[in-house]
Amino acid sequence: MIEKINKILSEVQEFNPKDIQEIEVFRIEYLSKKGKISALFDEFRNLDAEQKREVGVKINILKQTATEKLNQLKEQLFVDNTGKVDIDLTRPSEAIKLGARHPLSVVHNQIIEIFTKLGFSVSDGPEIEDDNHNFALLNFPEHHPARDMQDTFFISEDMNVLLRTHTSSVQAHEMTEQKPPIRSLSPGRVYRNEAISARAHCLFHQVEGLYIDKNVSFADLKQTLEIFAKEMFGEHTKIRLRPSYFPFTEPSAEVDVSCSLCGGKGCTVCKYTGWLEILGCGMVDPNVLEASGINSKIWSGFAFGMGIERITMLKYGIKDLRLFFENDIRFLNQFISAI
Ligand code: DAH
């Protein structure tokens with residue numbers, strides 16, 4: 001038996017692994033419950049007392065040697081990885097972890113893709129605005145209560161410079177700075193002085209659409225929004241328009257889509273109505289066209305505006321708006337497959 005122990009001891013001492021797999025094979029072969037050293041202990045039990053004394057010491061030395069060798073090899077491999085000792089260049093590299101696009105970017109890109117197919121081009125406007133573009137040109141008369149619809153962050157004392165409260169301000173830029181026909185889509189950040197909660201934030205994102213041409217009708221608006229809703233929420237999605245009020249459109253409407261989570265049957269998200277409000281829209285008020293120097297006898301148009309957070313929440317069943325701004329990777333990782 002002593003001979004056997006010596007043989008195993010020299011195997012252990014000579015062991016020279018090429019990689020981590022071989023170390024694992026070594027561990028199993030020598031140190032696991034069914035390994036060679038355990039087997040020696042089983043044999044040891046049947047020896048008489050005299051033999052036990054001699055053999056016991058040897059087996060213990062063997063076990064200790066093997067354990068130390070294993071630990072040393074593992075440690076050495078760690079050192080190798082840090083590049084201090086020699087590096088195993090044949091070792092496969094670790095997979096690079098992929099990041100995920102922010103869900104708001106995913107939906108932002110989808111919205112743009114849908115409307116680009118319909119001939120809209122993307123335009124941009126300033127986030128720090130003047131009263132004129134955010135309100136006056138859009139038919140919000142001074143001191144008109146409609147200005148209270150949106151709690152504004154003013155920057156200048158005279159309340160002329162402000163953080164835009166909606167992307168409709170880009171409409172005012174488009175109409176004053178370009179000649180019709182215009183077909184533009186303006187995504188961007190907007191700001192409102194609101195208490196932060198699961199449903200409201202002081203910063204969020206909107207997309208504005210504006211289409212001005214000859215003979216643009218309400219039917220064109222409805223058709224455009226129907227295509228959008230089906231592309232965004234699925235081909236079985238229905239839309240409905242409810243009369244509403246916005247200073248810059250006449251007539252104005254709010255658009256609901258059939259709830260994509262329950263298929264219109266009623267659930268907690270749609271509050272058992274089967275419908276979800278997704279945007280505001282209307283025909284550009286002739287006053288707005290004229291204020292920007294566009295002849296309303298020749299040109300007509302429609303506009304619409306939607307919140308990207310809202311669309312994203314409805315699409316993915318997200319219940320708290322604040323999740324978008326926390327950058328918790330447990331939340332963000334769920335969108336890895338969403339493009
Ligand atoms: N600007 C509106 C808001 O922030 C949304 C909106 C409604 C935009 C109707 C439009 C529109 O272009 O026609 O609540």
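Helices and strands here are DSSP runs, numbered from the N terminus. With that in hand, strand β7 covers residues 249-258, and Pro 251 sits in it. Keep in mind that this is a predicted model.

Let's start with the overall layout. The chain is assigned two domains: domain 1 runs over 2-87 and domain 2 over 104-338. Taken over C-alpha atoms, their centres are 70 Å apart.

Now for the ligand. Where does the ligand sit? The space it takes up is the largest pocket. There are 16 residues around the ligand, and those that come nearest are His 166, Ser 168, Arg 192, Gln 206 and Glu 208. By type, the shell splits into five nonpolar residues, nine polar ones and two charged ones.

| Residue | Ligand atom | Distance |
|---|---|---|
| His 166 | nitrogen | 3.0 Å |
| Arg 192 | oxygen | 2.8 Å |
| Gln 206 | oxygen | 2.9 Å |

How much of the ligand does the protein cover? On its own, the ligand has 350 Å² of accessible area, and the protein covers 91% of that.

Finally, a look at some backbone details. Most peptide bonds are trans, and most residues other than glycine have a negative phi. Against that background, a few spots deserve a glance. Pro 180 and Pro 181 are joined by a cis peptide bond, with omega at about 0°.

Another cis bond leads from Glu 250 to Pro 251, where omega is near -5°. That brings us back to β7, the strand that holds Pro 251.

Which residue has a positive phi although it is not a glycine? That's Lys 271, with a phi of about 50°.

Notes: Residues are numbered from 1 along each chain as its sequence is written. This is a predicted model: local features need pLDDT of at least 70, side-chain atom pairs count only at pLDDT 80 or more; totals for chains, interfaces and linings use all residues. Side-chain values use heavy atoms; hydrogens and water are left out. Domain bounds come from an automatic or database domain assignment. A residue is near a molecule or strand if one of its heavy atoms lies within 4 Å of it. A polar contact is a pair of N or O atoms within 3.5 Å; within protein, one must be able to donate a hydrogen and the other to accept it, and residues adjacent in sequence count only if both atoms are side-chain atoms. Accessible areas come from the Shrake-Rupley method with a 1.4 Å probe; for residues, only the protein chains shown count as cover. On a 1 Å grid over the protein atoms alone, a cavity is a set of points where a 1.4 Å probe fits but cannot get out, and a pocket is an open set with protein on both sides within 12 Å along at least five of seven lines; lining residues have an atom within 4 Å of a point. A molecule sits in a cavity or pocket if more than half of its atoms lie within 2 Å of its grid points. Ala, Val, Leu, Ile, Met, Phe, Trp, Tyr, Cys and Pro count as nonpolar, Asp, Glu, Lys and Arg as charged, and the others, Gly among them, as polar. Helices (H or I, at least four residues) and strands (E, at least two) are DSSP runs, numbered from the N terminus.
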